[in-house]
Amino acid sequence: MEKYIERITRYVIENKFPLFEDVEVTSEKDLLRNYTDSKKNRRYNVYLKIHFHPYLMNYIEQWNDIRFLIKNTIKLLGIDNEINVYLNFSDEK
């Protein structure tokens, strides 16, 4: 499922937000949900990698829109799990 979410996210950012460098998706068990289906008990974390300066100059005002677009695209394609979208700055030490 992580690879599927990664492919969806890459497609969205390649077309609309090309300054992002990479995408990484992780999953963890969602302890707040008590489903019998183990697939629904997963929470997915999407990390978008970008240098700080291009992000600050181009995308800082659009960050909520970027997160919203990624989450809704994933939900539209049938994944009902919780999706969190984060930034990773590639020039951090």
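This report describes the sheet, the salt bridges and a surface patch of a predicted model.

Three strands make up an open sheet, ordered β1-β2-β3, with mixed pairing. At the edges are β1 (22-29) and β3, each of which pairs on one side only. From one strand to the next, the twist averages 25 degrees.

Strand β2 covers residues 42-50; it runs antiparallel to β1, and eight bridges join the two. D22 stands opposite K49 in β2. Helix α1 packs on this sheet and touches β1, β2 and β3. The direction of α1 makes about 145 degrees with that of β1.

The whole structure contains four salt bridges. One of them joins the side chains of R43 and E28, at 3.0 Å from N to O. R43 belongs to strand β2 and E28 to strand β1, so this pair ties together parts that are 15 residues apart in sequence.

R43 also forms a salt bridge with E82, where the closest N and O atoms are 3.4 Å apart. This pair links distant parts of the chain, since E82 is in strand β3 and R43 in strand β2, 39 residues apart. R43 is buried because its relative accessible area, 16%, is under the 20% cut-off. E28, at 32% relative accessibility, is partly exposed, and E82 is also partly exposed, at 28%.

## E6 and its partners

E6 is part of helix α1, which spans residues 2-16. Its salt bridge is with R10, the closest N and O atoms being 3.0 Å apart. Both residues lie in α1, four residues apart, which is about one turn of the helix. Salt bridges that share partners join E6, R10 and D22 into one network.

Is E6 buried or exposed? E6 is buried, because its relative accessible area is 16% and buried means under 20%. R10 has 28% relative accessibility and counts as partly exposed. Leaving out residues up to four places away in sequence, E6 touches V23 and V25.

## A nonpolar patch on the surface

Which residues form a nonpolar patch on the surface? They are M1, Y4, L76 and L77, and together they have about 420 Å² of accessible area.

L77 lies in the loop between α3 (63-76) and β3 (82-89). With a relative accessible area of 45%, L77 is partly exposed, because that class lies between 20% and 50%.

How values were computed: Residues numbered from 1 in each chain as written. Predicted model: local features only at pLDDT ≥ 70, side-chain atom pairs only at ≥ 80, totals over all residues. Heavy atoms only, no water. Buried < 20%, exposed > 50% of the residue type's maximum accessible area, 1.4 Å probe, protein only. Contact = heavy atoms within 4.5 Å. Patch = residues over 30% accessible without salt bridge, like charges linked within 9 Å, V, L, I, M, F, W, Y side chains within 5 Å. Areas by Shrake-Rupley, 256 points an atom, 1.4 Å probe, with all protein chains shown as cover. Pairing = 2+ DSSP bridges. Axes fitted to C-alpha atoms, helices over the stretch in contact; angles between N-to-C directions.
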